[in-house]
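Here is a friendly note to read alongside the model. Please keep the sequence and the 3D view open, and look up each residue as it comes along.

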Amino acid sequence: MAEYSTVFGGLNDFTPGGVDAIDDDPKNYVFSNVFDVADKSAPYERVAVGKNLEYVIEAVRAEGQSPWYACAHDEFALCMDGEVEIHLVKPATAPVDEDSEGAVILQDAPDGRKMGRILIRRGHMALLPGGAAYRFEAGSPSVLLTQAIQGPATIERWADICQIENRSTA
C-alpha cells in the first residue's frame, strides 16, 4: 500500500500540484493550487478555483485593504495562510438587491451601524452575513478561500490556472 503524507503549504511555501489519475483520462479532471493562484493574483481578486452549478470557491490574495463588498446571501471566508481582519457594517440602506447573486464591490464605504470585526488566521473560517457590507484587511500577504454564489466580483481564469495532467509526466 502506498504511503502518503499531508504537507501544508503557504503563500511563500508551496509546490504547484497536479493530478494523478488512476485508471482514467487526466482530461476528465482539472486542478489548481490555491496558493499558486493567489501568488499570481492582484490583491483582492476573487479568482474561481472551484465551481458547482452557481456556487464557487474563490482564491483571494489578501494584502492591504480591500474594497467594501456586499452580498444578498451568506458567504464564508476561510483563511488558508496568514492573518486577515474582516470589518462588518450593517448598511442603513440595502447595498444590493435581495434577489442578486454573488458578491459585488461597493463604490464607497457604506453608511450604517458597525457590526464589529473578525480576526481570522490559518484554518479559521468566518461567516459573512447576507445583507451586510464587509472589508478585508491584511498586514502581510495572506490567502483566503471564499465560498459564495458566482457574481460580479468573481473572476474566471480557468485556462490560466487549471492543469489537466501531472507536471511530472508532462
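1. Let us begin with Asp36, which counts as buried because its relative accessibility is 11%. Here buried means under 20% relative accessible area, exposed means over 50%, and partly exposed lies in between, with a 1.4 Å probe and protein chains only. The partner of Asp36 is Lys40: their side chains meet in a salt bridge of 3.3 Å, N to O. Lys40 counts as exposed, at 63% relative accessibility. A salt bridge is a side-chain nitrogen of Lys or Arg within 4 Å of a carboxyl oxygen of Asp or Glu.

2. Before going further, some reading notes. This is a predicted model, in which local features need pLDDT of at least 70 and side-chain atom pairs count only at pLDDT 80 or more, while totals for chains, interfaces and linings use all residues. Residues are numbered from 1 along each chain as its sequence is written, and side-chain values use heavy atoms, with hydrogens and water left out.

3. Now the overall layout. The protein chain has two helices and 10 strands, and from the N terminus on its elements run α-β-β-β-β-β-β-β-β-β-β-α. Helices (H or I, at least four residues) and strands (E, at least two) are DSSP runs, numbered from the N terminus. Of the 170 residues, 41% count as buried. The chain exposes about 9900 Å², with carbon and sulfur atoms supplying 49% of this area; accessible areas come from the Shrake-Rupley method with a 1.4 Å probe, and for residues only the protein chains shown count as cover. Among contacts with a separation of 6 or more, 78% are between residues 24 or more positions apart, where contact means heavy atoms within 4.5 Å.

4. Strand β2 (residues 55–65) is joined to β9 by 10 bridges, and the two run antiparallel; here Arg61 has Val143 as its bridge partner. Two strands pair if DSSP finds at least two bridges between them.

5. Several other strands also pair with β9. Strand β3 (residues 69–70) runs antiparallel to β9, with two bridges, and Tyr69 stands opposite Tyr134. Strand β4 is antiparallel to β9 as well, over five bridges, with Leu78 opposite Leu145. Five bridges also join β5 to β9 in the antiparallel sense. In that pairing, Ile86 is partnered by Phe136 and His87 by Arg135.

6. On strand β5 (residues 83–91), look also for β7 (residues 112–121): these two pair in the antiparallel sense over nine bridges. Leu88 stands opposite Gly116 in β7. A salt bridge also connects Arg117 and Glu85, with the closest N and O atoms 2.9 Å apart. This pair links distant parts of the chain, since Arg117 is in β7 and Glu85 in β5, 32 residues apart. Arg117 is exposed, at 52% relative accessible area.

7. How many salt bridges are there by this rule? The count comes to nine. Side chains of opposite charge can pair when their charged atoms come close. One of these bridges is between Arg46 and Glu58, whose closest N and O atoms are 2.9 Å apart. The pair links distant parts of the chain, with Arg46 in strand β1 (residues 46–52) and Glu58 in β2, 12 residues apart. Arg46 is buried, at 1% relative accessible area, and Glu58 counts as buried too, at 2%. Arg46, Glu58 and Glu75 are linked in a network of salt bridges.

8. Beyond its neighbours within four places in sequence, Thr146 is in contact with residues including Arg46, Val56, Phe76 and Phe136.
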